[in-house]
Amino acid sequence: MARIMLRMNPSASPAVGSVLIVGGGLVGASLAIALDAAGIAATLVEAAAPRIDAQPSYDERNLALARATVNGLAAIGVWPHAAAQATPIRHIHVSRAGEFGSARIDAAKHGVDALGWTLPARELGAALLRRLEACTRLTRLAPARLEALERLPEGWRARVRTEEGQRKVDATLLVGADGTESLVRIRLGIEAERYDYEQTLFVATVKPERVHANRAFERFSDQGPVALLPLAQGRCGLVLTVPAEHADAVAAMDDDAFIALAQHRFGWRLGRLDRPGRRHPYAIRRVAARQLVGPRAVLVGNAAQTVHPIGAQGFNLGLRDALTLAEMVAAAEDPGAPGLLEHYAARRAADREGTMVMSHGLVRLACLEQPLLAPLRSLALLAHDRLAPLQERLARHGMGFRGEPPHAVLERLP
Ligand SMILES: Cc1cc2nc3c(=O)[nH]c(=O)nc-3n(C[C@H](O)[C@H](O)[C@H](O)COP(=O)(O)OP(=O)(O)OC[C@H]3O[C@@H](n4cnc5c(N)ncnc54)[C@H](O)[C@@H]3O)c2cc1C
């Protein structure tokens, strides 16, 4: 097993302005592109080979991308490579099995053509890889794994294992974009708060009998949430959550039994569900770093916070981390300056807290079996559907406009 070193080397000092990003997943790759677009040189270290089939998160999950996210991806030149594969979400419908009341958000009511878009993660991954190829100031090391970190007076020295052997990379700013079990976070000594939902989420595509008409559905039940996202060719992305102890049984089901379960949990709003694609299971947990920054270091994306996927917030939030950081680094002389990092953490706080509380609270409240909560939940859904200011606020948050967003996501703000 790799040994990680963390000790001070007073003799070395990296060039001011050097940024090292560890992790080239959806967020790390986006950050690298945003920095390059802003004229900042950086090094991107990614453990997987730069191919769709090798990258762990460029997979079959269907991402609901908020409107702000698509603005941001367009601003950094990624969206032109992905737009043809994306499906607009024009209506969102939230309900709970066995209770009255539902909440609906309509794009037209909020003066926009779409609240967001659905895009398979593998298509976003392909778009990121294509855009990365056009970067001119970026050094990409992949496959290359961070093995050790050494503190320098004005930065960090990373020891990275590549196919050719070990390499040293010095940086004045170290960015941990290395996912939920972030090694950077561990080596910085930043603790993380953990919560196990004891749920497994199955992702598959299905063909509903009725047209989805660009509607996204979220439906809660005692067994966990289920979502249907609109996709191309009349198909939908199904996200079905089951208690973890049922996961093996659900994985072993034949297609008929699986579709019957999905139908039972989702209901008949789109008629009969049919022709399920391959099922992909994910264990669900929430991991939140207690701090976003350390000395000349910062965490972004899942390394900073991993949230329940049902709220469809993880990448949306992570991209706002990345674009805010890129914007602030581009305006600074020293990207790792302590003042800049403190300012970054303060600027991200409201969006991060609000999104995490919303994702966690939504799942906890909507899935609790307490019968006393049922009328309250129904009323909350109804109130949301009727009260214009509440609708407006939630719609704007749902579209990704929260806190002090990076300028890149505001370009097409209605
Ligand atoms: C089923 C499912 C559905 C989801 N749906 C949505 C959705 O609808 N909308 C949404 O916004 N989000 C959604 N998410 C969340 C979203 O996928 C994640 O938030 C996002 O992938 C996080 O990206 P990341 O780059 O931070 O982390 P990751 O994608 O985990 O990438 C981390 C990268 O770091 C690399 N790495 C790790 N350790 C090292 C090391 N030591 N050296 C070098 N490289 C290393 C890994 O190889 C990996 O490529 C969903 C998640 C799941 C599981």
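This is a predicted model: local features need pLDDT of at least 70, side-chain atom pairs count only at pLDDT 80 or more; totals for chains, interfaces and linings use all residues.
1. **The core.** Start with the largest nonpolar core, which has 113 residues. L20, L31, V175 and V300 have the most contacts inside it. Helix α1, residues 26-37, gives this core its largest share: nine residues. As background, nonpolar side chains tend to be buried together in soluble globular proteins.

2. **V175 and its contacts.** Which residues does V175 touch, leaving aside its neighbours within four places in sequence? They are V19, L20, I21, V22, L31, V298 and V300. L20, L31 and V300 share with V175 the list of residues with the most contacts inside the core.

3. **Where the shell comes from.**

4. **Strand β7.** Is this strand, residues 116-120, mostly covered or mostly open? It is mostly covered, with five of its five residues buried. G116, T118 and P120 point one way. W117 and L119 point the other way.

5. **Partners of β7.** Strand β3 runs antiparallel to β7, and five bridges join them. Here L65 has W117 as its bridge partner. Strand β4, residues 87-89, also pairs with β7 in the antiparallel sense, over three bridges. In that pairing, I89 stands opposite G116.

Methods
Residues are numbered from 1 along each chain as its sequence is written. A nonpolar core is a set of buried Ala, Val, Leu, Ile, Met, Phe, Trp, Tyr and Cys residues joined through C-beta atoms within 7 Å. A residue is buried if 20 or more other C-beta atoms lie within 10 Å of its own, exposed if 12 or fewer, and partly exposed in between; C-beta atoms are placed from the backbone. Helices (H or I, at least four residues) and strands (E, at least two) are DSSP runs, numbered from the N terminus. Two residues are in contact if their C-beta atoms, placed from the backbone, lie within 7 Å. Two strands pair if DSSP finds at least two bridges between them.
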